[in-house]
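This report examines a multi-chain protein model, with attention to its charged pairs and the interfaces between its chains.

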Amino acid sequence: MNATQLALLLAVLAPWLALTALALPALRRRATILLPLAALPALLLALAGPDPDAGIVLPGLLDQARLALDGTARAFLLPGALLWLLAGAYAHRHPLTHPLRFAVFWLLTLAGYLLLVLAADLLTFYAGFALMTFAAYGLVTHTGGVTALRAGRLYLGLMLIGEVALFTAVAWTTMLAGPGNSPDLVGLGAGMESAAALLFAIGFGLKLGAPGLHAWLPRAHAVAPVPASAVLSGVMIKVGALGAWRLLEGGLEIPGHGPLILTALGLTGTFYAVAAGLRQSEPKTILAWSSVSQMGLVVALLGMAAAGTSPAAVWAGLAVMLAHHGLAKGALFLGTGLLATAADRCTRRALLFGLVLAGAALAAAPLSGGALAKAALTTGMPGWLAGVTGTATALLMLHFLRRAASHPPEPDLKPTTGGAVDTRGMTPWLLTLVAGLLLPWWLADTSLREYALISTALGDGLWPLLLAGVLAGGAWWLRSRWPGIGTVAARQPGPDRSAPRPPPGMARLAHWWTLTERQLHRWPVIGRVATTMILLLALALAVSATPARFACKQAPTDALAGGELALGLSATPALFACRQAPAEVGAALAANGRVLARGELPGTLAAGCSGRARQAECAGRFRTKAGA
Amino acid sequence: MSIALATAMVVGLPLMAAAVAFAHPRRGRMATLGTGLLLLPVLAVLVLENLRTGPWRQDLGGWAAPLGIGWQIDALALTLLVLTTVVALAAAIYRLAERRLVPDSRQRRYFWPLWLFLWGGLNALFLSADLFNLYVILEMVALAAVALIAAAGGPALAAAWRYFLATLLGSTLYLLGVALLYGQYGALDIALLTGRAAEEPVTLAAAVMITLGLLLKGAIFPLHFWLPSAHGRAHAAVSAVLSAVVVTAAFYLLVRLWFGPFAGMLPGLPAQLLGLLGAAAVIWGGVLAMLQRHLKMVIAYSTVSQLGFGLLVFPLATAGALPDQAHAGMLMLLLAHGLAKGSLFLAAGCLAWQWGSDHLRRIGPPMAGGSLLAWIAIALAAASLVGLPPSGGFVAKWWLLESALAARAWPWAAVIVLGTFITAGYLWRILRDPLRLGSDDAAVVPAQGQPLPIPLAMPRAALLLALAAIGSGLFATALRSAFAAGGLAG
Amino acid sequence: MTLYLLLAIALLIIGLHGLFVRAQLMRKILALNVLTTAVFLLLVALAHAAEVLDPVPHAMVLTGIVVTVSTTAVALGLMVRLLEQRGGPANGHHGRDSRDP
């Protein structure tokens with residue numbers, strides 16, 4: 001085993017080791033200190049660079065679980081592990097309701113994430129995916145408030161749908177690849193059936209918060225603790241993009257206008273999410289909507305990749321985009337958390353300045369990571385369209401900054417230790433911000449870098465921001481002239497809009513169900529049920545018995561033979577003298593078929609054979625056979 | 001160790017231990033633990049032999065089939081034997097620890113003999129290849145199970161009575177079928193009958209009777225009337241063994257017979273009908289599990305629902321596309337379900353002890369001082385039941401779904417998918433309240449104060465089974481090849 | 001031969017009817033006994049039908065009788081416990097007390 005393989009194993013096992021370490025009572029009291037450490041091996045592995053040849057096989061586990069770090073995995077792992085580490089460090093400083101519980105769910109989520117990113121085969125990927133998805137429920141509902149629980153329930157419900165869709169798709173794929181075998185992720189998409197691809201799309205789309213499947217995202221992100229929101233938005237939702245990327249890279253072909261529709265859908269989602277986010281006032285919710293908007297862009301990029309227009313450039317752009325968005329969004333979330341606890345003016349200013357930088361980067365300001373991502377975007381769509389998306393994001397960011405700046409520090413989040421608390425978590429936040437600004441440049445290839453640095457690109461990058469500034473200024477001016485314009489009447493969320501209110505028919509259905517079940521427990525009913533089952537079984541057996549046996553062409557002839565015998569029970573005793581066998585079937589049918597009146601048997605007969613002559617023929621042949 | 005001796009020990013050890021425990025009640029505890037610990041290496045020997053040589057048959061006393069009684073040892077039998085041993089051992093550990101909590105009583109004296117008797121009966125059931133011998137064993141298992149249910153006293157007596165009537169009726173119907181088969185073919189051995197049985201009205205009638213009897217014993221919808229109350233009211237350890245193995249045993253016989261002597265009659269409508277019953281069981285039992293208010297009742301109804309998945313093997317294996325995968329999936333389902341269900345019942349017993357009731361609203365969250373281990377066991381077992389990778393339940397559903405998709409049998413695939421949602425629904429009922437850990441919701445906080453302390457071995461036994469349920473999925477491929485080498489039914 | 005078979009069928013019907021329709025515990029036990037008797041009758045009739053008298057069904061019936069005796073004993077014991085639990089007299093017939101749970 002060489003060094004890379006060892007590092008690979010260590011990276012995947014680190015969260016589990018941390019979980020085991022929690023068995024020590026001393027560590028249990030300061031559990032969150034393990035959070036950044038658990039992501040460290042993965043970060044080091046990602047920094048070392050991709051080495052697809054140095055994969056490892058875990059023999060016997062699942063179907064020979066395979067781990068490897070290829071280029072695609074690294075594109076996700078490097079920013080991902082970095083954000084996990086920094087957000088973990090932040091979580092260590094952040095006031096949490098139950099640090100130990102948070103740490104356990106965090107480590108489980110991280111374990112799932114690392115497993116799925118480093119997986120080289122489908123089953124391992126899926127196992128990590130499921131672990132991450134369901135462990136994250138504990139992060140979403142950490143505060144335990146009513147809103148958090150509701151959001152958690154929505155999250156869990158939608159994720160379950162996504163999980164089942166994925167499960168079906170996985171079973172489909174493995175079935176085609178050889179039942180019980182787990183195919184390699186590389187080259188997985190080639191020749192995939194479109195139904196399986198659609199199921200994969202549902203699963204990944206739900207995770208990604210793709211337009212139309214994003215319902216859970218704003219609500220879950222708004223209620224989770226700040227560091228959890230940061231990784232949810234910055235890392236976890238992108239796993240859906242990883243899955244889609246694996247499929248498309250592996251040769252999945254979307255038929256017809258699929259790619260175009262995908263791109264259009266993504267762009268529509270981008271603008272819709274901005275419009276939705278502008279109506280929100282909670283800073284974290286605005287950020288969550290911004291994530292939905294950005295994921296719309298990711299979907300658009302995936303559509304472009306599927307269309308096959310310069311895929312290499314699109315992949316490169318996507319990698320930059322994911323890194324840049326993950327870290328910038330992480331910085332925004334962490335900064336919002338700090339801002340909510342910071343009361344000191346100076347600190348608040350510094351924080352706001354950092355948030356402006358991160359927001360500008362998201363809005364694709366020149367020289368930022370966003371500009372690089374936009375450069376990739378322009379390979380497949382007109383420049384002005386890419387610019388307008390920048391304008392939309394900038395508008396949303398301005399709205400966010402305004403709300404964040406005016407948002408008073410939350411009293412309940414303020415730690416009681418007083419004094420120096422304002423700077424808690426500053427370091428991880430600063431590091432995230434700096435990484436978010438620099439890492440995209442490091443990841444981008446030279447052509448993208450050059451493209452983003454030429455003067456026209458700088459100009460192209462500037463006008464969307466200016467437009468956004470003009471629009472925002474205009475809105476502000478209008479608002480100050482005519483107060484009330486453009487303000488949406490605060491919609492009463494209504495106490496029951498998301499309350500656990502089952503549909504009206506449900507209670508009645510449940511009542512009916514319970515009553516019927518109670519009936520099924522009564523002995524006379526059991527008797528009837530058992531008799532019916534005997535008849536059903538006998539009929540099924542008789543109908544499906546091979547017609548050849550009784551030399552009657554139609555399928556239901558066996559029923560006929562049985563029925564004829566039951567009839568003959570009283571009519572032809574001679575038949576039974578030769579052999580007891582036929583009598584038994586008659587006995588069985590007659591004895592247990594109490595419900596079935598004798599008169600019904602001829603009915604069965606008539607159904608089985610059309611003519612009377614035919615019946616006689618059947619019965620006759622059976623008799624000879626039985627006699628023989 | 002000679003293989004014949006090892007096979008004999010599988011049945012002989014528990015029965016002898018039962019005799020010892022009956023004669024010397026003080027030795028009951030030692031006899032039970034000793035049996036479990038001795039059976040493990042014995043089964044290991046058998047499994048290794050099975051992997052080496054494939055399935056084999058052993059005639060008792062050297063008498064060949066038409067006259068003597070035979071035992072068959074294959075992957076199906078061995079898997080269920082291992083399941084029985086593991087669950088019975090864990091439940092026995094739980095029960096031994098639990099006894100520190102209850103004062104001595106008269107019934108205590110007969111608990112271990114009955115327990116061992118049940119154990120030996122189950123082991124014999126999985127080995128025997130003789131239909132009449134199986135009848136006697138079925139009765140033996142039924143009597144021991146009824147007595148163990150009744151040992152809980154109170155409302156469990158009525159439940160035991162219902163179970164008793166249902167299972168006796170089932171045995172009688174089964175015997176009727178056996179009599180018909182013997183009258184026609186003059187043989188009782190399953191292997192012999194497989195060769196001789198033809199599609200004749202008598203075989204048909206026998207198949208109907210035997211199937212109905214076993215459906216009753218296996219609590220397959222709509223004949224599940226006895227199961228929820230019996231499993232919900234018995235002692236947790238008894239419920240664990242009943243739900244994990246005893247019901248499975250009836251299902252096992254169904255599989256043995258339908259893929260043995262009756263195999264010729266299965267394709268077509270009968271298989272579809274059995275599958276339909278399974279689908280109905282999955283939905284009916286699952287919805288009722290969602291509607292229960294008591295933890296143990298939820299788990300009991302879940303048994304009704306989960307066995308329905310097993311019945312899907314009949315249509316899927318006869319569909320022809322991937323029959324081996326369907327068989328392997330069914331076997332994996334029995335294994336994973338048994339382990340997870342045993343764990344759930346034991347964990348539910350722990351919580352019921354701690355909080356004085358197993359009402360879902362009375363059980364406090366783990367942070368309220370209850371046993372965290374029990375909750376972890378429940379969470380892990382639930383993950384396996386619902387089919388989260390890489391648990392055993394996942395692998396079972398995965399294989400079944402593969403087989404359904406390969407056969408393009410969309411309705412059965414839909415049942416598996418729908419069943420997953422329903423399973424998630426009722427497990428959510430169990431896990432919902434403990435997951436709202438920091439909640440100030442008053443409805444969740446149990447009425448009474450601090451939970452009772454319980455011996456640590458109780459939740460540990462539950463956790464052991466839950467870990468086994470997860471672990472059985474982790475080594476799925478190894479198990480799959482072991483099934484193939486050991487000879488799957490069919 | 002036919003007579004025995006018809007008799008077995010009749011007993012089967014009586015047994016099933018008693019088990020499902022009668023509510024008293026004692027009658028259910030008796031119904032089960034009648035049911036098993038029907039099966040034994042069938043077995044004996046089968047043994048008689050073979051050309052050479054077949055001893056196996058006889059052995060089966062003997063074993064079956066032993067099994068039935070023990071199950072009946074357990075059933076009676078359980079019934080007594082049930083009736084005791086309800087506070088009624090343990091004689092098992094008449095009255096609402098002996099109704100099926």
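Glu193(A) is partly exposed, with a relative accessible area of 25%; here buried means under 20% relative accessible area, exposed over 50% and partly exposed in between (1.4 Å probe, protein chains only). Its partner in a salt bridge is Arg408(B), and the closest N and O atoms of the pair are 3.1 Å apart. A salt bridge is taken as a side-chain nitrogen of Lys or Arg within 4 Å of a carboxyl oxygen of Asp or Glu. Arg408(B) is likewise partly exposed, at a relative accessible area of 42%. Side chains of opposite charge can pair when their charged atoms come close.

This is a predicted model in which local features need pLDDT of at least 70 and side-chain atom pairs count only at pLDDT 80 or more, whereas totals for chains, interfaces and linings use all residues. Residues are numbered from 1 along each chain as its sequence is written, chains are lettered from A and ligands numbered from 1 in the order in which they are written, and side-chain values use heavy atoms, with hydrogens and water left out.

**Salt bridges**

The structure holds 8 salt bridges over all chains. Three of them are listed below.

| Pair | Closest N and O atoms |
|---|---|
| Arg246(A) and Asp70(A) | 2.8 Å |
| Arg408(B) and Glu193(A) | 3.1 Å |
| Asp59(B) and Arg57(B) | 3.4 Å |

Helices (H or I, at least four residues) and strands (E, at least two) are DSSP runs, numbered from the N terminus. Both Arg246(A) and Asp70(A) are buried.

The pair of Arg408(B) and Glu193(A) crosses between chains. Arg408(B) sits in the loop between helix H16 (392-406) and helix H17 (410-435) of chain B, and Glu193(A) in the loop between H7 and helix H8 (194-208) of chain A.

Within chain B, Asp59(B) is partly exposed at a relative accessible area of 30%, and Arg57(B) is partly exposed at 32%. Salt bridges that share partners join Arg57(B), Asp59(B) and Asp189(B) into one network.

**Interface of chain A and chain B**

In this interface, 69 residues of chain A are in contact with 67 residues of chain B, contact meaning heavy atoms within 4.5 Å. The size of an interface is often given as the accessible area lost when the parts come together. For chain A and chain B the buried area is about 6100 Å², of which carbon and sulfur atoms give 77%; buried area is the accessible area (1.4 Å probe) that two parts lose on being put together, summed over both.

The count between chain A and chain B is 1 salt bridge, and 8 residue pairs are in polar contact, both residues being at pLDDT 80 or more. A polar contact is a pair of N or O atoms within 3.5 Å; within protein, one must be able to donate a hydrogen and the other to accept it, and residues adjacent in sequence count only if both atoms are side-chain atoms.

Several helices of chain A each supply at least two residues to the side that touches chain B, among them H7 (146-177), H22 (523-544) and H27 (612-627). H22(A) gives the most, with 14 residues. By class, this side of chain A has 43 nonpolar, 16 polar and 10 charged residues; Ala, Val, Leu, Ile, Met, Phe, Trp, Tyr, Cys and Pro count as nonpolar, Asp, Glu, Lys and Arg as charged, and the others, Gly among them, as polar.

**Interface of chain B and chain C**

This contact takes 29 residues from chain B and 33 residues from chain C. The area buried between the two chains is about 2700 Å², with carbon and sulfur atoms giving 83%. Leu157(B), Trp161(B) and Tyr182(B) supply 25% of the area that chain B buries against chain C, more than any other three residues.

The interface of chain B and chain C has 0 salt bridges and 1 residue pair in polar contact, with both residues at pLDDT 80 or more. On chain B, helix H5 (131-150) and helix H6 (155-185) each supply at least two residues of the side that touches chain C. H6(B) gives the most to that side, with 18 residues. The residues of this side of chain B divide into 22 nonpolar, 5 polar and 2 charged.

**Chain A fold and chain B confidence**

The secondary structure of chain A comes to 27 helices and 2 strands. Of its 628 residues, 56% count as buried.

The mean pLDDT of chain B is 87, and 95% of its residues reach 70 or more; pLDDT is the predictor's confidence in each residue, from 0 to 100. Over residues 438-447 of chain B, pLDDT stays under 50, and the model has 18 contacts beyond four places in sequence for these residues.
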